[in-house]
Amino acid sequence: MTVSRLPVDLQGVYALWVRDITRFVRAPSQVVGALLTPLLFLVFLGTGFSGAAIPGIPEGVDYLQYIVPGVVGFTLLFGASFAGLAILADRDVGFLKEILVAPVSRTSIVLGRVAGGSTTALVQSLLILLLSIPLGFRVRRPLLAPLALVVLLLLAVTFVGFGIALASQFRDSQGFGILVQFAILPLFFLSGALYPLDQLPTVVQYLGLLNPLTYGVDALRGVLVGNAAYPLVVDFGALALGAVVMVVVGAALFERVEAG
Amino acid sequence: MAAIRVEGLGRAFGDTVAVDEVSFEVGRGELFGLLGPNGAGKSTLVGMCCTLLRPTAGTATVSGHDIRAERAAVRGSIGVVFQETALDEELTGVENLVFHARLYGLSRARRRERVPEVLDLVDLADVADDTVDTYSGGMKRRLEIARGFLHEPAVLFLDEPTLGLDAGTRRDTWEYIRALNDRGVTVVMTTHYMEEADALCDRVAIMDNGAVVALDSPTQLKAGLGGDVVTVETADRVTGLPDRLRGVDWVRGVEVTGGGLGVTVDDGARRVADVVRLADEAGVTVSAVDRRAPSLETVFLDLTGREVRAGGDSGLAEPAAVGGRGDELGAARASGPDGGE
């Protein structure tokens, strides 16, 4: 028996990841449930406004093409918020104590949660991307498409980190659940997912520029459809920065969580 | 070297002192009990020893590691079974154990050896691949005990290990705890069940209001009471009977209670008839007689003037303990809730 002196205990991170994946695979109804809302957006907004001339969207880009990256980003946001909820659910059922009393650092626990939550959110958003193809979505730049995975991963890490930071401020899952439901839609609307940000009042545009999802959605458009508003370097830089900041903040706040 | 050395350890929550600077030692390989009513501070004490709660006074060493300065080393050397279930019920028994083994850094080979071994030890091998939500309360408890022991800790903490289990399951659980202790693990368990502490523990620390009020083996604690208690309920006043009994050589003590007498005697079974005869001779009408061999229950009563269960909610028991003289306690409590007399 050795006690790791390193701040990160890889086996502990792996244990938490395996647990999240096992639970994810075992609860297909939850996976399907999480896909329903984004699917509704795709079907009703994407096909409904298909062919409509929306101000700010470049000509020749169908609305469905425009909206798919946004809805994929939304799916990820939705999936990632469950990672924060999972920490509180663990507290509700007492399992958090089992994790906190183990000889692994808090940073390892946060990283394990980020790994598990990101993986499941990533799978969900990829499923939405696949489902959008029969609806008429076309990947225009197949060579760049693998980069979409990187974008999704960075986004997932960012929002799981955000979820953990937020969850560590709550003692029960109910209050957190209400707040998350309240927070998800503004993040979605302020990301340029449904329409370009420059259609909004200037002040609101600035808010959108602080939203990591803005860069994620834009980067997805860049690599999948080819109509990004910002240079890809800016998008990826902002995403990487967001991911690092959120994980560090999440770990710092989780450090103070008491078991009781 | 002692397995646990507690030195002036205390914890306050705001103005409330949950544990009041207690000190004691637990020997290596001992099965040690912390006995007391709910709210006595047992769980807080264990929480501090497990590094889950930070002390506000004093410190303790577990396996030679300081609980304040060497938290990671302490965590690596202990196993904990919490009062409330702490299992992932969506995972199977094996998956819960494997998760634990990974968190505690067991190698793959060691894990494959230990997991079946501990499952066997608590007789859960048959249901190892079922998800935990299908387990009964007793099975969950056993799985947690197995898990606490999985990484071969030097000290295993069990917080109320049989709380909420039926009598048969509790006795089974005792056997598993004994089996672990026989393998050399130091076990520290909290309980508010007197007979549990009596049946299982090598030594018992009796806690009340955050302090350790007695610490010895159950046998010694009971011997300290001096003998069996014969309780005599009388129909009318006891008049000269107490003095008469005090003059008899086999009577150790006489206590006048609300409805009669408590007589401490050497050999209760034989002396019940004598007590009744003496009462008869004194002209006192006896309506009921009972004999109680010394139990940890009576030890606790003797030490604190309260019964463990009655004292369960210490907030309610407090006024009685403060307000009444010792010999009136029983009556005061009996008339309390239903407002009689």
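Helices here are DSSP runs of H or I with at least four residues, numbered from the N terminus. The model shown is predicted.

**View 1. A nonpolar patch on the surface of chain A.**
Five residues form this patch: Val123(A), Leu127(A), Leu130(A), Ile133(A) and Val139(A). Together they have about 370 Å² of accessible area. Leu127(A) sits in helix 5 of chain A, which covers residues 106–132. Its relative accessibility is 32%, so Leu127(A) counts as partly exposed.

**View 2. The interface of chain B and chain A.**
Contacts link 32 residues of chain B with 26 residues of chain A. About 2700 Å² is buried between the two chains. Carbon and sulfur atoms give 57% of that area. Phe99(B), Arg102(B) and Leu103(B) supply 26% of the area that chain B buries against chain A.

The rule finds 6 salt bridges across the interface of chain B and chain A. One of them joins Arg19(A) to Asp88(B). The closest N and O atoms of this pair are 2.5 Å apart. Between chain B and chain A, 9 residue pairs are in polar contact, with both residues at pLDDT 80 or more. On the side of chain B that touches chain A, helix 2 (71–77) and helix 3 (93–103) of chain B each supply at least two residues. Helix 3 of chain B gives the largest share of that side, 6 residues.

**View 3. Chain B as a whole.**
Chain B has 13 helices and 14 strands. Of its 341 residues, 51% are buried. Take the contacts in chain B between residues at least 6 apart in sequence: 67% of them join residues at least 24 apart. The accessible surface of chain B comes to about 14600 Å². Carbon and sulfur atoms account for 46% of that surface.

**View 4. Leu215(B) and its contacts.**
Leu215(B) lies in strand 10 of chain B, residues 211–216. With 29% relative accessibility, Leu215(B) counts as partly exposed. Leaving out residues up to four places away in sequence, Leu215(B) touches Phe24(B), Phe32(B), Arg203(B), Val204(B) and Ala205(B). Leu35(B) is 180 residues from Leu215(B) along the chain. The C-alpha atoms of these two leucines are separated by 9.8 Å.

**View 5. Ser77(B) in helix 2 of chain B.**
Helix 2 of chain B holds Ser77(B). Ser77(B) counts as buried because its relative accessibility is 12%, and the cut-off for buried is under 20%. Its contacts, not counting residues up to four places away in sequence, are Val62(B), Ser63(B), His65(B), Pro153(B), Ala154(B) and Val155(B).

**View 6. Two loop residues of chain B with a positive phi.**
Most residues other than glycine have a negative phi. Thr51(B) is not a glycine, yet its phi is positive, at about 70 degrees. Thr51(B) is placed in the loop between helix 1 (42–49) and strand 4 (57–62) of chain B. At 2% relative accessibility, Thr51(B) counts as buried. Glu160(B) is not a glycine either, and has a positive phi of about 50 degrees. The loop that holds Glu160(B) runs between strand 7 (155–159) and helix 6 (167–182) of chain B. Glu160(B) counts as buried, with a relative accessibility of 3%.

Methods:
Residues are numbered from 1 along each chain as its sequence is written. Chains are lettered from A and ligands numbered from 1 in the order in which they are written. This is a predicted model: local features need pLDDT of at least 70, side-chain atom pairs count only at pLDDT 80 or more; totals for chains, interfaces and linings use all residues. Side-chain values use heavy atoms; hydrogens and water are left out. Patches are made of residues with over 30% relative accessible area and no salt bridge: like charges are joined within 9 Å, nonpolar side chains (Val, Leu, Ile, Met, Phe, Trp, Tyr) within 5 Å. Accessible areas come from the Shrake-Rupley method with a 1.4 Å probe; for residues, only the protein chains shown count as cover. A salt bridge is a side-chain nitrogen of Lys or Arg within 4 Å of a carboxyl oxygen of Asp or Glu. Buried means under 20% relative accessible area, exposed over 50%, partly exposed in between (1.4 Å probe, protein chains only). Contact means heavy atoms within 4.5 Å. Buried area is the accessible area (1.4 Å probe) that two parts lose on being put together, summed over both. A polar contact is a pair of N or O atoms within 3.5 Å; within protein, one must be able to donate a hydrogen and the other to accept it, and residues adjacent in sequence count only if both atoms are side-chain atoms.
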